[in-house]
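Student: I have not worked with this structure before. Could we go through it by question and answer?

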Amino acid sequence: MSKLRLAVIGAGPAGIYASDLIIKAQRDFDVSIDLFDLLPAPYGLVRYGVAPDHPRIKGIIKALYEVLDRGDIRFFGNVQYGTDIKLSDLKKHYNAVIFATGAIKDADLNIPGIDLDGSYGAADFVNWYDAHPDFPLTWPLNAKQIAVIGNGNVALDVARMLIKLPDDLLSTDIPEHVYEGLKSSPVTDVHVFGRRGPAQVKFSPLELREALHVNGVQAIVDPADFQFDQGSQDAIDSNNQIRVMVKTLEDLKENPQQAQERRLHLHFFHSPLEVIGEDGKVSAIKFERTKLDGTGNVVGTGEVVEYPVQAVYRAVGYFGSELDQIPFDSKAGVISNEEGRVLDESGKHIPGVYCTGWIKRGPVGLIGHTKADAIETISHLIEDRASWWNPEQPDESAIVETLSSRGVEFIDWSQWLRIDAQERKLGEGEGRERIKLFDRNQMLKVSKG
Ligand SMILES: Cc1cc2nc3c(=O)[nH]c(=O)nc-3n(C[C@H](O)[C@H](O)[C@H](O)COP(=O)(O)OP(=O)(O)OC[C@H]3O[C@@H](n4cnc5c(N)ncnc54)[C@H](O)[C@@H]3O)c2cc1C
């Protein structure tokens, strides 16, 4: 065989890195890659997850752009695996497929009241403020006091976006409706709750420091929440990031900030028990206080506390979605796999089928981690050369004909560049790098020039 025709499903960082790495890998065959995404835009959660006020991280898009702009990877946006193309199509046109479909949904939090009006998943809010084309344009921002459950970076992003002065977002890529929505919010207090202590947070030091220094917002911690056990001390001694974050939090405890009209409270040792409602709407949230058990884990104390809030956001993790005809581990929310080789029910590798990124190892870790993932997956793909599919129609024009014959309005790279240019043009008028387009039909229209 002289050529690998490879389909990659998902144009987030995992799919783009995997495509780039296989092109650069040492190999004795040619490669031709088609990269599909259900969205009319590439970059996955870098565009639709990373917060708009994180331009440094959004800057990773430049590196991803450079990969796709080289011209040796074909982009097919607005093409959904499972509806627009099926596994049988892939087998007909390619030697193998890598699924890099990431995660977009919230993990569940099973406590009473979680379905009340005013209780939201962080992912839905993120999709709104990041202008994902498949989510509603309006978001109910009418709560003065808000609870955010979770102690990871997504919880901090959500809390920061909720409490930040909206005018401080005017330099970002948020569209007008997001700015107007945030501006209408009467919020005064956002409370972030973690089940464990300051030495067990899953934040990263930069995100934490940023959240504690938001313009016009007083950050507050409770001195009673500063408890450490042997497990905590071990974490502080062995993990530089934890050491830095504990110090950051202790500095805040020792040096309370000046009072402001908006406040961000960080609470520790609170395990959520119930969201309480009045007339079907969130009116409070109840927690059991926890304490350390010596190992850095926590146990309940039996003490119950309640906070009046009118909205609750759960930021307890993302969760992958099952894909048509691909074995799924519904407990972990990932494709069943071993080091990126997709496995059938009996644990045997399904020839030709691979996965990488968040859908492979679960929704944890930063963009950079998806590169290590991709290296592992593509090294197996190359090793497995003998078991690749033998496609009937490997010709590069054949998939284009298949999609066109079905009326799939796919967007190629040059058409995406038109959308990109339009976003930049919209931004230019206001001295911003870009303003995002958010309507799929409009994006398709712009793509056609
Ligand atoms: C709210 C939030 C904030 C974050 N902030 C940061 C940060 O500041 N810094 C950092 O380093 N990391 C951050 N991350 C983590 C980072 O976004 C992930 O590590 C990374 O995006 C995972 O890459 P991925 O390619 O596996 O998945 P994704 O980025 O989710 O990409 C998956 C792609 O697959 C597409 N897709 C899904 N299903 C289909 C289908 N059926 N057919 C076709 N296409 C499909 C999706 O549209 C998407 O484009 C953040 C994550 C979240 C959720």
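Student: Are Tyr-81 and Phe-99 buried or exposed?
Tutor: The model is a predicted one. A residue counts as buried under 20% relative accessible area. Tyr-81 and Phe-99 are both on that side of the cut-off: buried.

Student: Which kind of aromatic pair do Tyr-81 and Phe-99 form?
Tutor: Tyr-81 is in the loop between E3 and helix H5 and Phe-99 is in strand E4, so the pair ties together parts 18 residues apart in sequence. The ring centres are 4.9 Å apart. Planes over 60 degrees apart count as edge-to-face. The planes of Tyr-81 and Phe-99 are at 75 degrees, so the pair is edge-to-face.

Student: How many aromatic pairs does the structure hold?
Tutor: One of them joins Phe-75 and Trp-413, edge-to-face, with 6.2 Å from centre to centre and 90 degrees between the planes. The count for the structure is 20.

Student: How many residues apart in sequence are the parts that Phe-75 and Trp-413 tie together?
Tutor: Phe-75 and Trp-413 are both buried. Phe-75 belongs to strand E3 and Trp-413 to helix H15, so their pair links parts whose separation in sequence, in residues, is 338.

Student: Which residues form one aromatic cluster?
Tutor: Rings pair if their centres lie within 6.5 Å. The members of one aromatic cluster are Tyr-120, Phe-125, Trp-128, Tyr-129, Trp-139 and Tyr-313.

Student: Lys-253 lies over the face of which residue?
Tutor: A charge can sit over a ring, and Arg-27 lies over the face of Phe-29 at 6.0 Å from the ring centre. For Lys-253, at 5.0 Å from the ring centre, the residue is Phe-226.

Student: Which residues of E8 point the other way from Asp-189, His-191 and Phe-193?
Tutor: Strand E8 covers residues 189-193, and five of its five residues are buried. In a regular strand, side chains alternate between the two faces of the sheet. Asp-189, His-191 and Phe-193 point one way, and the other way point Val-190 and Val-192.

Student: What is the bridge partner of Phe-193 in E10?
Tutor: E7 and E8 run parallel and are joined by five bridges, with Ile-149 opposite Phe-193. E8 and E10 also run parallel, again with five bridges. In E10, the partner of Phe-193 is His-267.

Student: Why does Thr-172 count as buried?
Tutor: Thr-172 is in the loop between helix H7 and helix H8. Buried means under 20% relative accessible area. Thr-172 counts as buried because its relative accessibility is 8%.

Student: The backbone oxygen of which residue lies 2.7 Å from a polar atom of the side chain of Thr-172?
Tutor: Leaving aside neighbours within four places in sequence, Thr-172 is in contact with Pro-52, Asp-53, Arg-432 and Arg-434. The backbone oxygen at 2.7 Å from a polar side-chain atom of Thr-172 belongs to Leu-169.

Student: How many residues surround the ligand?
Tutor: The closest are Ala-14, Asp-37, Leu-45, Tyr-81 and Trp-358. Tyr-81 is also the partner of Phe-99 in an aromatic pair. The number of residues surrounding the ligand is 33.

Student: An oxygen atom of the ligand is 3.0 Å from a polar backbone atom of which residue?
Tutor: A polar backbone atom of Pro-13 is 3.4 Å from an oxygen atom of the ligand. For Gly-365 the distance is 3.1 Å. The residue at 3.0 Å is Ile-367.

Methods: Residues are numbered from 1 along each chain as its sequence is written. This is a predicted model: local features need pLDDT of at least 70, side-chain atom pairs count only at pLDDT 80 or more; totals for chains, interfaces and linings use all residues. Side-chain values use heavy atoms; hydrogens and water are left out. Rings of Phe, Tyr and Trp (its six-membered ring) pair if their centres lie within 6.5 Å; planes under 30 degrees apart count as stacked, over 60 as edge-to-face and the rest as tilted. Helices (H or I, at least four residues) and strands (E, at least two) are DSSP runs, numbered from the N terminus. Buried means under 20% relative accessible area, exposed over 50%, partly exposed in between (1.4 Å probe, protein chains only). A charge sits over a ring if NZ of Lys or CZ of Arg is within 6 Å of the ring centre and within 35 degrees of the ring normal. Two strands pair if DSSP finds at least two bridges between them. A polar contact is a pair of N or O atoms within 3.5 Å; within protein, one must be able to donate a hydrogen and the other to accept it, and residues adjacent in sequence count only if both atoms are side-chain atoms. Contact means heavy atoms within 4.5 Å. A residue is near a molecule or strand if one of its heavy atoms lies within 4 Å of it.
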